[in-house]
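Here is a quick tour of a protein model, written for someone who would rather look at the fold than read tables.

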Amino acid sequence: MALDLETREQLIEGVRRFVAERLRPLEAQVAEDDAVPEDVIGEMRDLGLFGLSIDEEYGGLGLSMEEEALVAFELGRTSPAFRSVFGTNVGIGSQGLAMFGTDAQKAEWLPRIASGEVITSFALTEPEAGSDSAAVQTRATRDGDDYILNGGKRYITNAGKAGLFTVMARTNPDSKGGSGVSAFIVPRDLPGLSVSKPEKKMGQQGAHIHDVTFDNVRVPAKMRLGEEGEGFKVAMQVLDRGRLHIAAVCVGVAERLIADCVAYAAERKQFGQPIASFQLIQAMIADSKTESLAARALVLESARKRDSGVAVTLEAAAAKLFASEMVGRVADRAVQIFGGAGYVADYGIERLYRDVRIFRIYEGTSQIQQLVIARETMKRGG
Ligand code: COS
């Protein structure tokens, strides 16, 4: 459901102010501490950020995909680790449930996810199932009214704080591909579920990823999402949506970097004049701006298409591919424009350069997006 124009503007303006006044001043501290302060997380809850995508009947803001993208553009203007605090609740952690859950499952969990009381994680990736996500080996074996889960998941965002996991597990061991996989919502407190210490990462300090292990975890069959054997398709449709959201965040980070470059180039003097007056600097700014505008347009067009009820597997993959590669180039040019200062921690540019690197990898690598785009294009005949 879409907001009226005034409410939409108020929301975007509120997020813009929160990012500029509250989050940006904390960027260096969050990177240093590898943690987002609890009081800031409380303010994110008050702003409704955990429930951006969740229907109003469950206490969320019920944004359309286009509106979510507009908010994500604003959220991108600071360290991506802040968005990650509620990112799984808005996207991959909640959307399997929102799209495929029963009324009872949704009524039990979505209000607590929308409020931020329960953090969610999406547990698809395994040591031997990264890009080849249909190869999951985690087993879910039927036992009366339950399934018994055994196996391990890898690099699961927000698992350390998650109260609810969406888990893809193999219910049919005779099928090696996606058709043998089912999806479950799995509460954190079930016996046998454990979460490792967070990994040390290249960037996005303050956002955490963990291994999750299932050791004879007894999950009631009523926690299954959709039919047995449909879990892979659940995961793919969750990712179609997630990829659009990530693409929008990439646009936001690019816009932030471009603004930083423009400000620095106006102030930094060499050869007796601001470096902004040099055409080789202008060329880098022009290329970054052109590419970020193109990505913004692609994201919004794809989001509107999704809002109209059309499947956007191709468009989401194209937006994720283009926007994540684009922000990589923009961050690289930003380091170049800042010169030595771009390589020094104090200016924050090298931090964003490291932060954006993961966008080309998670929720599907650029190479997987190329594969999806090519397959869909050939299916559509052009
Ligand atoms: N929406 C709905 N159904 C989909 C779908 C989508 N986006 N993508 C695939 N499917 C369906 C297919 O239609 C097919 O159904 P049928 O068996 O009924 O024909 C089934 O799922 C299997 O699809 P496919 O044959 O394309 O699966 P593959 O194993 O060849 O590969 C890729 C699929 C590689 C695209 C998939 O594994 C992928 O996206 N990998 C990357 C995973 C990822 O993003 N990981 C990040 C982890 S989360 S941070």
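Strands here, like helices, are DSSP runs numbered from the N terminus, with at least two residues (E) for a strand and at least four (H or I) for a helix. Keep in mind that this is a predicted model. By that count, the protein has 13 helices and ten strands. Its radius of gyration is 21 Å, close to the 21 Å that the globule rule gives for 382 residues, so the protein is as compact as a globular protein of that length.

**Overall picture**

- Along its principal axes, the C-alpha trace spans about 80 × 50 × 40 Å.
- Of the 382 residues in the protein, 54% are buried.
- Take the contacts with a separation of 6 or more: residues 24 or more positions apart account for 75% of them.

**Helix α1 against helix α4**

- Start with helix α1, residues 5-23, which packs on α4 at an angle of about 20°, the two axes being 9 Å apart.
- Angles under 35 degrees count as roughly parallel, and α1 and α4 are therefore roughly parallel to each other.
- The crossing in which α1 passes α4 is right-handed.
- On the α1 side the contact is made by R8, L11, I12, V15, R16 and V19, and on the α4 side by E66, E67, L70, V71, E74 and L75.
- Sorted by class, this contact of α1 with α4 has seven nonpolar and five charged residues, with no polar ones.

**Helix α5 against helix α8**

- Next up are helix α5 (residues 80-90) and helix α8 (residues 231-267), whose axes come within 12 Å and cross at roughly 160°.
- An angle over 145 degrees counts as roughly antiparallel, and α5 and α8 are therefore roughly antiparallel to each other.
- As for handedness, α5 passes α8 in a right-handed crossing.
- From α5, the contact uses P80, R83 and V90; from α8, it uses R241, H245, I246, V249 and V253.
- The residues in this contact of α5 with α8 divide into five nonpolar, one polar and two charged.

**Helix α9 against helix α10**

- Helix α9 covers residues 279-307 and helix α10 covers residues 313-338; their axes come within 9 Å and cross at roughly 160°.
- That angle makes α9 and α10 roughly antiparallel to each other.
- This time the crossing, of α9 and α10, is left-handed.
- The residues of the contact of α9 with α10 split into 14 nonpolar, four polar and six charged.

- S79 sits in the loop between α4 (65-75) and α5.
- Is S79 buried or exposed? With a relative accessible area of 5%, S79 is buried, since buried means under 20%.
- Leaving out residues up to four places away in sequence, S79 touches E27, R351 and D355.
- S79 and G206 are 127 residues apart along the chain, and their C-alpha atoms are separated by 9.3 Å.
- F165 belongs to strand β4, which runs over residues 162-170.
- F165 counts as buried too, at 0% relative accessibility.
- Which residues does F165 touch, not counting residues up to four places away in sequence? They are S121, A159, F184, I185, V186, R188, L193, V195 and V212.

**Two residues with positive phi**

- D34 is not a glycine, yet D34 has a positive phi of about 55°.
- You'll find D34 in the loop between α2 (27-33) and α3 (38-47).
- At 30% relative accessibility, D34 counts as partly exposed.
- F271 is also not a glycine, and F271 has a positive phi of about 50°.
- The place to look for F271 is the loop between β9 (269-270) and β10 (273-274).
- F271 is exposed, with a relative accessible area of 75%; the cut-off for exposed is over 50%.

Methods
Residues are numbered from 1 along each chain as its sequence is written. This is a predicted model: local features need pLDDT of at least 70, side-chain atom pairs count only at pLDDT 80 or more; totals for chains, interfaces and linings use all residues. Side-chain values use heavy atoms; hydrogens and water are left out. Axes are lines fitted to C-alpha atoms, for helices over the stretch in contact, and angles run from 0 to 180 degrees between N-to-C directions. Angles under 35 degrees count as roughly parallel, over 145 as roughly antiparallel, 65 to 115 as roughly perpendicular and the rest as oblique. A crossing is left-handed if the near helix is turned anticlockwise from the far one by less than a right angle, and right-handed if clockwise. Contact means heavy atoms within 4.5 Å. Ala, Val, Leu, Ile, Met, Phe, Trp, Tyr, Cys and Pro count as nonpolar, Asp, Glu, Lys and Arg as charged, and the others, Gly among them, as polar. The radius of gyration is taken over C-alpha atoms; the globule rule is 2.2 Å times the number of residues to the power 0.38. Buried means under 20% relative accessible area, exposed over 50%, partly exposed in between (1.4 Å probe, protein chains only).
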